[in-house]
Amino acid sequence: MYAFTYERPASLGQALSLLAAGGQAFAGGQTLLASMKQRLLSPEQLVDLSALSELQGIRQSGDSWMVGAFTRHQEVAEHAGLRAALPGLAALAAGIGDRQVRAMGTLGGSVANNDPAACYPSAVLALGATVHTDRRQIAADDFFQGMYTTALEPGEVITAIAFPKALRSAYAKFKQPASRFALAGVFVAQTAAGVRVAVTGAGNGVFRHAGLEAALSKSFTPEAVADVVIDASELNADLHASADYRAHLIKVQTQRAVQQALA
Amino acid sequence: MVNPTKFGSGQAVQRLEDAQLLKGAGIYANDITPDGQTRLCFVRSPYAHARIVSIDTSAAEAMPGVRLVVTGPQLKDAGMKPMPRPVNFTRADGSPAASPDRRILAADRVRYVGEAVAAVVADTEEQARNAAEAVVVDFEELPCAVTFDDALKADAPLLCDATDNRVAETRYGDAAAAAKAFSQAAHVVQLDITNQRLVALTIEPRSVLVYPDDGRLVVRMSTQMPTGVRTLVCDLLGLPTSQVRVVVGDVGGGFGMKTGAYPEDLVVAYAAHTLQRPVKWIADRSEDFLSSAHGRDVSVKAGLALDAQGKILALRIDTLANVGAYPSMTGVAIQLLIGPWVQSSVYDIQLIDFHFVGVLTNTSSTGAYRGAGRPEAIYNMERLMDEAARQSGIDRIELRRRNMIAPAQMPYKNPMGQTYDTGNFAAIMDQGLAQAQWDSFAQRAQSSAQRGRWRGLGVATFLEWTGGNALEENVHVQVLPDGVIEVFTAVNAMGQGIATSLAQLVVDVFGVPLSQVRIVMGDTDRGNGFGSAGSRSLFTGGSAVSVGAKQTLDKAQELAAEALEASSQDLRYEQGAFHVVGTDLKIGLAELAARQPEQRIELNSTTAASGPTWPNGCHVCEVELDPQTGEVQVVSYTSMNDVGRVVNPIIVRGQLDGGAVQGIGQALLEEVVYDPETGQLLTGSLMDYAVPHADIMPSLFDTHTDESIPCKNNVLGVKGVGELGTIGATPAVVNAVADALARHGRADLSPQLQMPLTPYRLWRLMQQG
Amino acid sequence: MNTSMPVTLTVNGQAVTLEAAPNTLLVQALREHLKLTGTHVGCDTAQCGACTVLMNGNAIKSCNVLLAQAQGSQITTIEGLASADGALHPMQEAFKACHGLQCGFCTPGMVMAAVGFCQKNPAVDAQDVRHALEGNLCRCTGYQNIVLAVQQGAAAMKA
């Protein structure tokens, strides 16, 4: 890695000053450090958010679960309340990377980075979560804006994400065999208002699929999506999968997510 | 064997190596940091083919901590020789093998992405990396040839001063007679087979530390062949062998990738010699992906001609072997000679038509990787056999049985002139099938079907050749005054537990506790030899240890007779001491050693095996295919293996199973991919190169050995085992996938199956028709 | 810019304060500053797990964690498993008994990952173990004996 300075502010206010001055927000480091070791990124200052109590904690808040931005994946995976209320979210967290990654990586870090093959964005989008930052609240539908791009302004920090409760939720990920990131990961959430379906790994960023949502809102069964057409034209093609294959996997993974949700 | 004891051969002895390794006390090359150590970083080409116009090192030289910046042009101008070229092979017209000079740093041209053109030595790794980034290389990009088609077309960019990119060719057999047999055959099978390029992925990357010591150069390296490294260092630096010592500590995996020395290793030696300081280079994982020797990479047109009863009439193999931009002797020999030796495998085939061509491309060099030519050959043969079964309607086991060489035919000379000493292939097959519960597959298939999975059953019956073509080994045995029996041998540890197996052989002879035996390896000051490769360490090294130990015991007996003033015939040896029969007189080994003028009893001994070994096996694999996604999982893997006598059964099974998982990796996951246009390495990290993780199989291996057919070519009766698992796995798995497809009406797809059978590739194939 | 800063942590039960540049990875601090070379580096994408150590009881990849992130933490490396008199930890014993290692390079990371997992999950079946070790690559053993070793080690740890 190139050289940098390192700060671990004790308060959110201090952190925001450092970030406003150009510091790089640093959470679990599982993605950032990997890029820095390859010398693809060279931030001059890392601002470690681990000491900020404002970013910690998991609690119920009305009809939602508020998960602090600095919550490690393994905490979400093991949290009894989340496992009961939002099993899809807890299971998603339990499947990110491996145990070592889950001990360090955080919800906020993953969501702020918005890797097109990361798992969490699909949960945030499908559950219609609200991203709380130091200065405002952003609806999931407005938050994700393309590959590695979000609605966050420079220096803006996610403090927590509010996940509304759902009747049923599940996540089914088909892994790219080498990286084990999602080749196609589908999060399905059923609420009183209907069904939301969010897809990660297959396109330039997480996206909802209207056809799948409509079919599942009518009938929350795997068979219901059998005739839904998944347009491959906007999907990724690479060494590991063509756009057609990703389109096919989206449907299969949707069916498997629904099966899990019903189980 | 004399004196079978609890720790002698045949026993499942826990490894001597393990306590230290488990405590983190292993000493790998990167674990030693001499005072004043510097670190070396390479500047590598971003182009697959380019002329080096100029290199500006002025900025780099001025950076903090930098001790040396050296470039390829500088070394060439200073008279540095290129690396040795493949010899002993010829092109089709009889002219010598044609390949470009490989310089330790590229001087005029670069020929693959990642080829090193300059090196920086600095006090810290970070400083070296920073300075390497400041070296400015002016390249003039040239057209590149990455695929076989592009390398062989009429106007292909040429990699050396020859009329085309064919390094060398070999032909074997009788093309005309074979053609006749094919034209008259009742059944003809043709398959296009790709055996894809792989990386060895030793978890310890290439690692080398060179430092001056008392006027000499010491090379501490992760290598399988210290003597070969010393030879090359001396050759290129112009030093006498007495001035260079190569020491090998613990090696974190070799698999053939760490045989021989790389250009990078020579650069490190040059830098250390020039600076008279310790210089260390530890390859990044990405460097190992770019520039370590890759494995396999052949494109084959295979044909089998059979009569109406399924008896094989002729075998035709036409292979293009991608040897990379700078072929090595090993890389060429593997494909043009060694693989062909076992191509006809366990079958009685005498009419062959083989043609092998080594092709230069703008890619990294290929070399030995677990199996080294034999996996390619056996994969060809076993795919052909299953395809022949499908085409002819003859059961695939029956087809094999009809063609297998019988024990009565041993010793059997195959059409490549190789003589199998012994083997009972049908018996091994029958045992393997029984262990695998071959006949009750249908029930298991049904339970898979209930979970929406297509189950397939695959078999591979095969043999392989071991020895690395180096059948001799030396040992130096010493009985020391503290009672320790120390044996130096020039074979090399790389995880295969050879020290334990050799120690067990010493225990066989001396009957002392294992803790009193010390096996020493990996030091060119102590002894020299071929090293470890081609599954040779036990049958060559072990034979030498066993013979040397016995000779030493005989010598000790003579010395004991003198010491006890008795006749040697009146002495009896038992567990560490000589007794005069019928008396109380005795003398222990330690005391006897202490009494000698040199304070030890020692002996040098050389033993040669009389031929290679021919281990063989029957591997049976069951897979489940998910038709919705194309995903394949191996759900059971059973094998019966003939590795002759077994010295340590747990080590043997570990080699078979570990080797098999590498084969499963090739069958389902792994592939080195270059961009066909630009020659960029697309699979340059573990993010894109998929390998088996712990969840590769949900079940355990069921691995067996039959010791009733000892090898006749060495005193131990053992056969090499290190590569056998890898060789059997790729055909067993792919045949199982073909079987799964065939059972669901898609036998039409089996000829098109190509490794790796990733979910995407299989799904895409299944969309046809 | 790369001036060093102090980090205080406990490694294998011993408190240490290290002065190191901020861009020092935990694995570099362990290997180069503390000379604990049992923790190995096998890749550059934090996927092989050879560098696994325990941080506050959790298995983490020390090549993908800054020394600075370990401020105030308890680190256990492979060197910290055996007891003071040299007796192997039950997990180490199990690996030895089950032939769970060959070249040994992935082994320290594998053992630490196993210990970390089994400390939190006393009852483990083979599938649990395979899933728990997804972040640790082995090229030699094919994982078979590792799975057996971890199950045996888990049982011994419980006893």
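Analyst: The sheet of chain B

In this predicted model, B:Thr38 has B:Val279, in strand 12 of chain B, as its bridge partner. This bridge belongs to the pairing of strand 1 (residues 38-44) of chain B with strand 12 (residues 279-282) of chain B, which is parallel and runs over 2 bridges.

The two strands are part of an open sheet of 7 strands in chain B, with the order 3-5-1-12-9-10-11 and mixed pairing. Strand 3 (66-71) and strand 11 (244-247) of chain B stand at the edges; each has a single partner strand, so one side of each has no neighbour in the sheet. From one strand to the next, the twist averages 20°.

Helices also pack on this sheet. Helix 7 (residues 226-237) of chain B touches strand 10 (216-221) and strand 11 of chain B, and the direction of helix 7 makes about 150° with that of strand 11 of chain B. Helix 8 (residues 263-275) of chain B touches strand 1, strand 3, strand 5 (116-122), strand 9 (207-213), strand 10 and strand 12 of chain B. The direction of helix 8 of chain B makes about 25° with that of strand 9 of chain B.

Further along chain B there is a contact between two helices. Two packed helices are described by the angle between their axes and the distance between the axes. For helix 11 (residues 374-392) and helix 12 (residues 396-403) of chain B, the axes come within 9 Å and cross at roughly 120°. The crossing of helix 11 and helix 12 of chain B is right-handed. Helix 11 of chain B contributes B:Met385, B:Asp386, B:Ala388 and B:Ala389 to the contact, while helix 12 of chain B contributes B:Arg396, B:Leu399 and B:Arg400. By class, the residues of this contact are 4 nonpolar, no polar and 3 charged.

B:Lys153 lies in the loop between helix 5 (148-152) and strand 7 (166-173) of chain B. B:Lys153 and B:Arg526 are 373 residues apart along the chain, and their C-alpha atoms are separated by 51 Å.

Chain B also touches other chains. Its contact with chain C takes 45 residues from chain C and 45 residues from chain B. On the chain C side, the elements that give two or more residues are helix 2 (90-97), helix 3 (107-120), helix 4 (126-132) and helix 5 (144-158) of chain C. That side has 20 nonpolar, 19 polar and 6 charged residues.

With chain A, 14 residues of chain B are in contact with 11 residues of chain A. On the chain A side, helix 11 (residues 243-262) of chain A gives the most, with 3 residues. The residues of this side divide into 8 nonpolar, 3 polar and no charged.

Chain A itself has 11 helices and 12 strands. Its radius of gyration is 18 Å, close to the 18 Å that the globule rule gives for 263 residues, so chain A is as compact as a globular protein of that length. Buried residues make up 54% of the 263 residues of chain A.

Technical notes
Residues numbered from 1 in each chain as written. Chains lettered and ligands numbered in written order. Predicted model: local features only at pLDDT ≥ 70, side-chain atom pairs only at ≥ 80, totals over all residues. Helix = DSSP H or I, 4+ residues; strand = E, 2+ residues; numbered from the N terminus. Rg over C-alpha atoms; globule rule 2.2 N^0.38 Å. Buried ≥ 20, exposed ≤ 12 C-beta atoms within 10 Å, placed from the backbone. Contact = placed C-beta atoms within 7 Å. Nonpolar A, V, L, I, M, F, W, Y, C, P; charged D, E, K, R; others polar. Pairing = 2+ DSSP bridges. Axes fitted to C-alpha atoms, helices over the stretch in contact; angles between N-to-C directions. Left-handed = near helix turned anticlockwise from the far one by under 90°.
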